[in-house]
Amino acid sequence: MKAQLPQHKSHYKYFIFIFFLFIFLSTPNYSKALTKPVNSGFVSGIWYSQTPFFADETIRIYSAIQNESGFDITGSIRFYDNDNIIGESNFSSISGHLIEEWVDWAVTEGEHKIKVEIINPVKSSPDSAPEAITLLSSISETATHYADIDTDGDRVGNTDDDDDDNDGLTDEREIELGLNPLKKDTDNDGKDDSEQTEQQELIENKINSDTQTSDNDENKKTDNKETTIVDKATNIIKNISGTLEKGVNSATQKIILSLERKVNDLEDISDNKDTSNNKKKSFLKNFLSIMLSLLIWLFENKFVLYSSIFIILIIIWRILRIFKRR
Ligand SMILES: [Ca+2]
Ligand SMILES: [Ca+2]
Ligand SMILES: [Ca+2]
Ligand SMILES: [Ca+2]
């Protein structure tokens, strides 16, 4: 009968196995073989060949890798714009050194989130096979930029530029005038908008000036015309007055002559002795005299004078008549 080992001896086998396993796991080579993250990551983030950058420009984006891993690393570095790959290039990084990498990028208008990532890093050693590793920090921080349009290339984006096309007219003024604020020569006639607008304004000012001068001349002409009309009217009135005066004078003279004739007639009547007929004729003469006096009054401003003369003549005529009767 085979004697059995004591139970506590079988437990020793487990302790020995665990001890050697611990020793094995504690060796450095094995820990590396488990791809422990390597702290060789990015140092200076991301920078650009120029800032600010604008749409339609091609710029260069840079990044740097500081290798503090204790061994050389090879791999690729990939650049992203809004998660779209801009470009990728291979790198070889010496332990303890910093290397710079870049990619060229055609900028478009809008917001851009730029980041850089290290792809497929491999530990490189002259006495061992290449070994894939994991970097502690393989992706850079994301840098956000807004790329504006700079139509006139003066390094001031249209958002901040008062004169986007640099033609001398502000965007606001161009919109007011119906011109294109993004084009120096809106109508393609070879003259910049400002030059053309300046000329147009000069022309308009000249036209306004000429119109005003013309208006002044017209006013002067109108004044002259009015003056001429007034003069003419005055002359006509004067002529009429003169004519009237002459007419009145003439009429007065005629009346005087007529009255003289009447006096003569009355002398004849007084010789005739026919009392009733004399009275009728006398009344008729008086009536005619009054009518004539009224006519004179109607036509003559100096009617008082003429009326006075007429009255004096009548009085004379009456006196003469009295003397005749005697
Ligand atoms: Ca500009
Ligand atoms: Ca302008
Ligand atoms: Ca313009
Ligand atoms: Ca033009």
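## Transmembrane annotation

An unreviewed UniProt entry annotates residues 12-30, 283-299 and 305-323 as "transmembrane region". The model shown here is a predicted one. In it, the span 305-323 is 100% helix and 0% strand.

## Overall fold

The protein chain has six helices and eight strands. Follow the sequence and the order reads α-α-β-β-β-β-β-β-β-β-α-α-α-α.

The chain holds 326 residues, and 15% of them count as buried.

## Strand β3 and its partners

Strand β3 covers residues 72-81. It pairs with β6, residues 110-124, in the antiparallel sense. Nine bridges make up this pairing. One example is S76, whose bridge partner in β6 is I119.

Strand β3 also pairs with β4, residues 84-93. These strands too run antiparallel, joined by nine bridges. Here T74 has S92 in β4 as its bridge partner. The hairpin of β3 and β4 has two residues between the strands. In this hairpin, N82 takes a positive phi near 50°.

## The nonpolar core

Which residues have the most contacts inside the largest nonpolar core? They are I61, F79, V103, I118 and L135, in a core of 13 residues.

Look at I118 in more detail. Beyond its neighbours within four places in sequence, I118 contacts I65, G75, I77, L135 and S138. L135 is also on the list of core residues with the most contacts.

## A leucine in a loop

L179 sits in the loop between α3 (171-177) and α4 (193-272). Is L179 buried or exposed? It is buried, because 22 other C-beta atoms lie within 10 Å, and the cut-off for a buried residue is 20 or more.

What does L179 touch, leaving aside neighbours within four places in sequence? Its contacts are L169, E174, T186 and D193. T197 is 18 residues from L179 in sequence. In space, the C-alpha atoms of L179 and T197 are 9.8 Å apart.

Key. Residues numbered from 1 in each chain as written. Chains lettered and ligands numbered in written order. Predicted model: local features only at pLDDT ≥ 70, side-chain atom pairs only at ≥ 80, totals over all residues. UniProt positions renumbered as here; feature names shortened; annotations may be inferred. Helix = DSSP H or I, 4+ residues; strand = E, 2+ residues; numbered from the N terminus. Buried ≥ 20, exposed ≤ 12 C-beta atoms within 10 Å, placed from the backbone. Contact = placed C-beta atoms within 7 Å. Pairing = 2+ DSSP bridges. Core = buried A, V, L, I, M, F, W, Y, C linked by C-beta atoms within 7 Å.
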